[in-house]
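Thanks, everyone. Let me put the model on the screen, and then I will walk you through it.

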Amino acid sequence: MPTAALTLAAALAAATSGSLNVGDKLVPFSLKDYAGKSVDLKAFDGKKAVVLMFIATECPVSNAYNDRMAALAKDYSAKGVAIVGINANRAEDTSRIAEHAKQHGLEFPILKDVDNLQADRFGAQVTPETFVFDNSWTLRYHGRIDDNQKGDNIQNQDLRNALEAVLAGKEIAVKETKAFGCTIKRVQK
Amino acid sequence: MTALLLAAALAGQVDATGVHRAVAAQKGRPVLVNLWATWCAPCVEEFPTLVALARDRKDVAVVSISIDDSSDRKAVETFVARQDPPFPVYLKANGDDEAFIDGVDREWSGVVPVTLIFDRSGKRVALLQGEHSKAEIEKALEEAKR
């Protein structure tokens, strides 16, 4: 099979298999943000990396990371990285997401994943959970932001380490991590 | 009296090896291991279900592990003392969360609550990630008895 066809097959498989694995290509999608504006990920073509973060407004773990998410967006937007939040929790509506973003200084786009279609497609389970794509939309890192929920004893800055590696064109040392988090509250299907 | 109740609320701290040791100590009957946290609303909602199940099902051993940070031990003790469960409740020992998650079960995503069911031989036969009803847990327990 030609390479292009293989790539397409892999992308289609990733789009339908229910989980995205490191090395898979993402087919960019569109979702509306909390203001109702449609955001097409293709708009981030040309970025050096794109970070998609499944986040929540009511999860204490996700909320423990609000300041670190805001800092991440500030630090890396200047380096050509797009930070995008996705809220897939069924009970958290756009007005609550808007209010929460304003309250916590989350200045990056936050998209509403209605019916958790993208969470299902990604296989995202918890909040916060992050996915780092390089400039060819290949998933390079999946997992936690860092290794300390409370933020007072961080030993491994896994997400930042992954971004630094992508920006430097290097191999990411730790490509997948796990962390405790709140369940993404899905719609019943 | 309150101090005594609180002091008795937790069985101790465990790492992943300790979780498996607690399961192995119950060999001979199915074991239900539930991991939860006080900050997790679905976990707090599910806890009374486990208490009821443990009271109904003497043929099943229940082991509960709070993954709260050890600095939140008092909150865990207060919650457990109020619930008065007929099973031991441990607190996750300090250490790397990912190592703990993988050490408990590599298929566990890290989501809480999570319930693992082991059959009489100690083999893990069910992994219920997220909150589950008493009926769903009982169904998994029935399968563990086969």
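I will take confidence, then the interface, the sheets, the core, and some single residues.

Ground rules. Residues are numbered from 1 along each chain as its sequence is written, and chains are lettered from A and ligands numbered from 1 in the order in which they are written. This is a predicted model, so to speak of local features we need pLDDT of at least 70, side-chain atom pairs count only at pLDDT 80 or more, and totals for chains, interfaces and linings use all residues.

Confidence next. pLDDT is the predictor's confidence in each residue, from 0 to 100. Chain A has a mean pLDDT of 91, with 90% of its residues at 70 or more. The exception to flag is residues 1-17 of chain A, where the pLDDT is below 50. That stretch has twelve contacts in the model beyond near neighbours in sequence. A contact here means two C-beta atoms, placed from the backbone, within 7 Å. Where pLDDT is low, the predicted coordinates should not be read in detail.

Now the interface. How many residues of chain B are in contact with chain A? There are 15, and they meet twelve residues of chain A. On the chain B side, helix H5 (97-104) and strand S5 (111-112) each supply at least two residues. H5(B) gives the largest share, four residues. Helices (H or I, at least four residues) and strands (E, at least two) are DSSP runs, numbered from the N terminus. By class, that side of chain B has seven nonpolar, three polar and five charged residues. Nonpolar means Ala, Val, Leu, Ile, Met, Phe, Trp, Tyr, Cys and Pro; charged means Asp, Glu, Lys and Arg; the others, Gly among them, are polar.

There is also strand pairing between the chains. Strand S9 (residues 181-183) of chain A runs parallel to S5(B), joined by two bridges. Pairing requires at least two bridges found by DSSP between the strands. A:Cys182 has B:Val112 as its bridge partner. S6(A) and S9(A) are antiparallel, with two bridges. Put together, the open sheet has three strands in the order S6(A)-S9(A)-S5(B), with mixed pairing. Its edge strands are S6 (126-127) of chain A and S5 of chain B, each pairing on one side only.

Two cis peptide bonds belong here. One runs from A:Thr127 to A:Pro128, with omega near -5 degrees. A:Pro128 sits in the loop between S6 and strand S7 (129-134) of chain A. The other runs from B:Val112 to B:Pro113, with omega near 0 degrees. B:Pro113 is in the loop between S5 and strand S6 (114-118) of chain B.

On to chain A and its parallel strands. S4(A) pairs with S3(A) in the parallel sense over six bridges. A:Leu52 stands opposite A:Val84 there. S4(A) is also parallel to strand S5 (residues 110-112) of chain A, over three bridges. In that pair, A:Asn87 faces A:Lys112. Is S4(A) enclosed or open? Six of the seven residues of S4 (residues 81-87) are buried, so the strand is largely enclosed by the rest of the structure. Buried means 20 or more other C-beta atoms within 10 Å of a residue's own, exposed means 12 or fewer, and partly exposed is in between, with C-beta atoms placed from the backbone.

Which residues touch the most other members of the largest nonpolar core? A:Val132 and B:Val112, out of 88 residues. Strand S3 (residues 49-54) of chain A gives the most, six residues. Such a core is a set of buried Ala, Val, Leu, Ile, Met, Phe, Trp, Tyr and Cys residues joined through C-beta atoms within 7 Å. Not counting residues up to four places away in sequence, A:Val132 touches several residues, including A:Ala49, A:Val51 and A:Tyr141.

Last, two residues with positive phi, neither a glycine. A:Asn116 has phi of about 45 degrees. Its loop joins S5 and helix H5 (117-122) of chain A. A:Asn116 is buried, with 21 other C-beta atoms within 10 Å. B:Asp84 has phi near 50 degrees. B:Asp84 counts as exposed, with 9 C-beta neighbours inside 10 Å.
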